[in-house]
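Subject: A structure for you to explore

Hello! Here is the structure I promised to pass on to you. Please open it alongside this email, and then read on for what turned up.

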Amino acid sequence: MSIADKSVLVTGASRGIGQALADEALRRGARRVYAAARRPSAHPDERVTPLRMDVTDAARVRAVAERVGSLDVLVNNAGLALFEGLGDRATLERHLAVNLFGTYAVTEAFLPQLTSSRGVIVNNLSLNSLAPLPVLAAYSVSKAAAFSLTQSLRASLAGRGVPGHALQTGPTHTHKVRDQDIPKASPESVARAIFDAVDRGEEDIFPDPLAQSLADGWRNGAVKAFERQLAQVQ
């Protein structure tokens, strides 16, 4: 799936990785980029269509989907990350509403277009979907659930020719971790690595130095082998 001459929709496109993905899609020659956000802004490139969309509002998501014609690439990037533990159920539910159910709502709404174009789905998860970070406990739970959703969609949509990519991002220089004194990749480098991996057809994408250090272990590990085995069960 080359991005050139394709239509791409990115949620959470107003900043960070989402904004970098929209810009990278343009650089690669995308025909149309739908930049979805709760507070979208105008873009100087006429190929960009800003979309006002809150992924937790399923009715609004469906209404937006009805306005979009053909679609080749859906990037579920919108997310919530609060430095909270598991002591507050409301915080966990907020994370699940965005990171799990929001991803599901957007995917379901745009699935007819993606099926028609034999497009692809890219879900921006996190390395914390594989192992939790205690200071981001609620976030980690929601991302683990979103990873399971991605794997399930991947298996169920294989017969329709719609591959699902799980994006396992490490620390990236966005508002979420901008004050953390840790090595961070730039959003631009992450965006380039994401689309490169989509071009190569990689199911699980590890787009930054920390993530890449885990890539071979995951792809050649017992858990990934078990996923492939279960995907054959009908």
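The background idea is simple: side chains of opposite charge can pair when their charged atoms come close.

Two notes before you go further. This is a predicted model, in which local features need pLDDT of at least 70 and side-chain atom pairs count only at pLDDT 80 or more, while totals for chains, interfaces and linings use all residues. Residues are numbered from 1 along each chain as its sequence is written, and side-chain values use heavy atoms, with hydrogens and water left out.

**Salt bridges**

Start with R28, whose side chain meets that of E24 in a salt bridge, 2.7 Å from N to O. Are these two residues buried or exposed? R28 counts as buried because its relative accessibility is 19%, and E24 is buried too, with a relative accessible area of 6%. (Buried means under 20% relative accessible area, exposed over 50%, and partly exposed in between, using a 1.4 Å probe and protein chains only.) Both residues also belong to a network of salt bridges that links E24, R27, R28, D196 and D199.

Next, look at K224. Which residues pair with K224? One of them is E203, with the closest N and O atoms 2.8 Å apart. This pair links distant parts of the chain: E203 sits in the loop between α5 (187-200) and β7 (204-205), and K224 in helix α7 (residues 222-231), 21 residues apart. (Helices, H or I with at least four residues, and strands, E with at least two, are DSSP runs numbered from the N terminus.) The other is D204, where the closest N and O atoms are 2.7 Å apart.

E203 is partly exposed, with a relative accessible area of 35%.

**Patches on the surface**

Which residues gather in a patch of positive charge on the surface? They are R15, R38, R39, R52, R60 and R67. Some rules apply here. Patches are made of residues with over 30% relative accessible area and no salt bridge; like charges are joined within 9 Å, and nonpolar side chains (Val, Leu, Ile, Met, Phe, Trp, Tyr) within 5 Å. Lys and Arg count as positive and Asp and Glu as negative, while His and the chain ends are not counted. The place of a charge is taken as NZ of Lys, CZ of Arg, CG of Asp or CD of Glu.

R67 belongs to helix α2 (residues 58-67) and is exposed, with a relative accessible area of 54%. R39 lies in the loop between β2 (32-37) and β3 (48-52), and it counts as exposed at 62% relative accessibility. Leaving aside residues up to four places away in sequence, R39 touches S14 and R52 (contact means heavy atoms within 4.5 Å). R39 and S14 are 25 residues apart in sequence, and their C-alpha atoms are 7.4 Å apart in space.

There is a nonpolar patch on the surface too: F83, L133 and V135 together have about 250 Å² of accessible area (from the Shrake-Rupley method with a 1.4 Å probe; for residues, only the protein chains shown count as cover). F83 is in the loop between β4 (73-76) and α3 (89-117), and at 41% relative accessibility F83 counts as partly exposed.

**A residue in helix α4**

A137 is found in helix α4 (residues 137-157) and counts as buried, at 13% relative accessibility. Not counting residues up to four places away in sequence, A137 touches E84, G85 and L86.

**Backbone angles**

Most residues other than glycine have a negative phi. D5, however, has a positive phi near 65°. D5 is in the segment before β1 (7-11) and is exposed at 52% relative accessibility. R118 also has a positive phi, near 55°. You can find R118 in the loop between α3 and β5 (120-124), where R118 counts as exposed at 54% relative accessibility.

Happy exploring!

Definitions and conventions: A salt bridge is a side-chain nitrogen of Lys or Arg within 4 Å of a carboxyl oxygen of Asp or Glu.
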